[in-house]
Amino acid sequence: MSMDWDKLRIFHAVADAGSLTHAGEALNLSQSAVSRQIRGLEESLSVTLFHRHARGLILTEQGELLFEATKSMSRRLDAASARIRDSEDGIYGELRVTSTIGFGTLWLAPRLSRLYDKYPNLKIDLLLEERVLDLPMREADIAIRMKEPSQADLVRRRIMDVNMKFYASQDYIAKYGAPETTTELTQHRLISQSISTPQVIAGQNFMAPYLSAEHDSHLTVNNYFGILQAVLNGLGIGALPNYVTADFPQLVNVLPEEQSGEIPTYLAYPEELRHSKRVGAFRDFILEEIATYRKEQRAQEAEE
């Protein structure tokens, strides 16, 4: 028994929209034409794919199974067409870049104007979340991650190392003084991610002893952008990745000898995008920006 591609495409649209009318609009077909195709598919499979309700259509168990299959087909077709387009010349079109919320908002986004200056026709879709997106399944084209990607068939490159350190604003220190010891740190309001927030192990291990100590006051935020905002506004002493000092040199690193283990940062993309012009352009831009950032960091450390 072979399934008709056209019927599957129509089924997918109906399952996605949850209604014959909406699917018809999306496909440019009348509601009765859509309905006829679905009935034909149900007859050829000898199953019911939808329960029909006044409020719309609900997938049956068999319908759910078929929808899973058409979703995966649709993803693969999108990936194939992206690969076909990617092999064409020119640096334009869409690039989906994923990274963590902290790195994406505090380090990457502020630097993207230089990439757009060079390639004004790029469309970048920045996907910032702690979840590791599946690059081989093309959930994203390129990733910057705070740990080595474990997926196979990826080109990966270690681009920098990050450490977690304690920072405060100059106003905060003028008002409350800077702690000289870790014991004195407990007398200050600590701002950090909570231990239960999804984050890199090195950051979690670094904060565990401080968070289990007795503090009068705490603020936990589930991303570094929020922690930085609180620190800049003099709320307390924040645990932040050291790359924030690149754009916020006014922050003071308190207890400089206290820091997390090194957090290696990787750039990765699927093997099949190795020859993609826009992936290459993005990779080169990141490497240039990191070289500049490292130089500035060294100059800053020499001043201190």
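A: The largest cavity has a volume of about 30 Å³. Keep in mind that this is a predicted model, where local features need pLDDT of at least 70, side-chain atom pairs count only at pLDDT 80 or more, and totals for chains, interfaces and linings use all residues. Residues are numbered from 1 along each chain as its sequence is written, and side-chain values use heavy atoms, with hydrogens and water left out.

Q: What counts as a cavity here, and what is its volume?

A: On a 1 Å grid over the protein atoms alone, a cavity is a set of points where a 1.4 Å probe fits but cannot get out. Grid points are joined across faces, edges and corners, and the volume is the space filled by probe spheres set on the points.

Q: How many cavities of 30 Å³ or more are there?

A: One.

Q: Which residues line the largest cavity?

A: L115, K118, Y119, A281, D284, F285 and E288 (lining means an atom within 4 Å of a point). Helix α11 (277-303) and helix α6 (112-118) each give two or more of them, and α11 gives the most, with four residues. Helices here are DSSP runs of H or I, at least four residues, and strands are runs of E, at least two, numbered from the N terminus.

Q: What's the split by class in that lining?

A: Four nonpolar, no polar and three charged. Ala, Val, Leu, Ile, Met, Phe, Trp, Tyr, Cys and Pro count as nonpolar, Asp, Glu, Lys and Arg as charged, and the others, Gly among them, as polar.

Q: And how much space is in the largest pocket?

A: About 540 Å³. A pocket is an open set with protein on both sides within 12 Å along at least five of seven lines. The largest pocket has 32 lining residues, with T100, E130, R145, M146 and V200 nearest its centre. By class, that lining has 19 nonpolar, nine polar and four charged residues.

Q: Which element gives the most to the pocket lining?

A: α5, with three residues.

Q: Switching to helices: at what angle do α1 and α2 pack?

A: About 125 degrees, with the axes 8 Å apart, for α1 (residues 5-17) and α2 (residues 20-27). Axes are lines fitted to C-alpha atoms, for helices over the stretch in contact, and angles run from 0 to 180 degrees between N-to-C directions. The two are therefore oblique: under 35 degrees is roughly parallel, over 145 roughly antiparallel, 65 to 115 roughly perpendicular, and the rest oblique.

Q: Which residues meet there?

A: R9, I10, A13, V14 and A17 of α1 meet L20, H22, A23 and L27 of α2 (contact means heavy atoms within 4.5 Å).

Q: What about α2 and α3?

A: α2 packs with α3 (residues 31-45) at about 105 degrees, the axes 8 Å apart, so α2 and α3 are roughly perpendicular. L20, T21 and G24 of α2 touch Q31, V34, S35 and I38 of α3.
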